[in-house]
Amino acid sequence: MSENSTDKRPIRLKGRSFLAIQLSPELPFDNWLARLDDLARRSTGFFLGRPIVLDVEGLDITQEELKDLIGELGERSVRIMGIEGARPSILGLGMPPAMKGGRPAADIDPDAEAPKPAAAQAGSSAESGAAAAAAVAEKSRPEAQPVHLAETGQLPSLVVDRPVRSGQSIIFPEGDVTVVGSVSSGAEIVAGGSIHVYGALRGRALAGSVGNSNARIFCSKLEAELVAIDGLYKMPDDLDRQLVGQAVTIWLDGETIRADRL
């Protein structure tokens with residue numbers, strides 16, 4: 001092919017952020033994997049199709065040990081998209097790439113002569129981020145549901161006016177999520193802030209997903225498959241059986257998830 005016939009259009013590289021689950025393994029790995037297996041048994045399909053980041057910061061492990069761990073996770077259908085906190089010496093060819101804290105990213109222009117100002121690279125404002133999250137939530141549902149954004153204090157709030165059916169996911173890392181209806185078994189709510197369910201919570205609720213330990217979960221009827229706040233989770237068997245079927249609030253007390261009747 002001659003140089004004159006080469007397409008001169010630039011290749012566009014775009015920055016994009018995704019909500020991923022961070023797994024922080026603990027030594028010894030055998031014990032940690034056994035606990036992971038227990039979670040997978042009690043919440044079937046929890047890791048399927050999800051982007052997973054493996055955080056190994058502070059772990060004194062070799063490259064072979066890391067490879068073995070990734071292999072063990074792969075056998076459990078836990079696919080690692082990146083590794084955070086790893087020393088360069090333990091990362092090798094064929095392994096997931098090193099990653100550093102997820103941040104909103106602007107489009108990347110390789111032909112730019114000078115870097116953009118930091119403010120321009122910071123990504124969307126809270127309003128545009130909330131609108132994007134609402135669009136993600138809308139696309140995640142087989143049937144369209146009314147979604148409204150409202151300002152509550154300093155954080156935006158996502159309001160879903162219909163029940164969330166099995167297989168549907170509402171993901172809103174910018175703030176609180178309110179569901180005016182029930183959340184079915186097999187459905188999921190992921191919020192950066194608190195979660196409010198004005199109905200039965202039968203699916204999974206993950207509040208404080210971006211590191212908010214003050215987030216809470218409120219529901220009119222607790223029948224959840226899994227509840228989590230700031231990465232700490234509880235299964236139904238771990239909660240007081242007297243709370244099942246009751247109006248409940250769930251919060252984080254240090255490293256312990258607490259629950260009580262409303």
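**Working through helix H2**

On one side of H2 in this predicted model, Asp68 and Glu75 are exposed. The exercises below start from there.

**Exercise 1.** Work out which residues of H2 are buried and what they pack against.

*Solution.* Start with the extent of the helix: H2 covers residues 63-75, so count 13 residues. Its span from first C-alpha to last is 18 Å, close to the 18 Å expected at 1.5 Å a residue. Next, look for residues under 20% relative accessible area: in H2, Leu66, Leu69, Ile70, Leu73 and Gly74 come out buried. They sit on the same side of H2 because they cover an arc of only 140° around the axis. Asp68 and Glu75 are on the other side. Finally, check the neighbours: the buried residues pack against helix H1 (29-42), strand S2 (52-55) and strand S3 (80-84).

**Exercise 2.** Describe how the axes of H1 and H2 cross, and find the residues that make the contact.

*Solution.* Take the axes to begin with: those of H1 and H2 come within 12 Å and cross at roughly 15°. Angles under 35 degrees count as roughly parallel, so H1 is roughly parallel to H2. As for handedness, H1 passes H2 in a right-handed crossing. Phe29, Trp32, Leu33 and Leu36 are the H1 contributors to the contact, and H2 brings Glu65, Leu69, Glu72 and Leu73.

**Exercise 3.** Find the residue with positive phi that follows H2.

*Solution.* Step past the end of H2 and you'll get to Ser77, with a positive phi near 65°.

Definitions and conventions. Residues are numbered from 1 along each chain as its sequence is written. This is a predicted model: local features need pLDDT of at least 70, side-chain atom pairs count only at pLDDT 80 or more; totals for chains, interfaces and linings use all residues. Side-chain values use heavy atoms; hydrogens and water are left out. Helices (H or I, at least four residues) and strands (E, at least two) are DSSP runs, numbered from the N terminus. The expected span of a helix is 1.5 Å times one less than its number of residues. Buried means under 20% relative accessible area, exposed over 50%, partly exposed in between (1.4 Å probe, protein chains only). The arc is that of the directions from the helix axis to the C-beta atoms. Contact means heavy atoms within 4.5 Å. Axes are lines fitted to C-alpha atoms, for helices over the stretch in contact, and angles run from 0 to 180 degrees between N-to-C directions. Angles under 35 degrees count as roughly parallel, over 145 as roughly antiparallel, 65 to 115 as roughly perpendicular and the rest as oblique. A crossing is left-handed if the near helix is turned anticlockwise from the far one by less than a right angle, and right-handed if clockwise.
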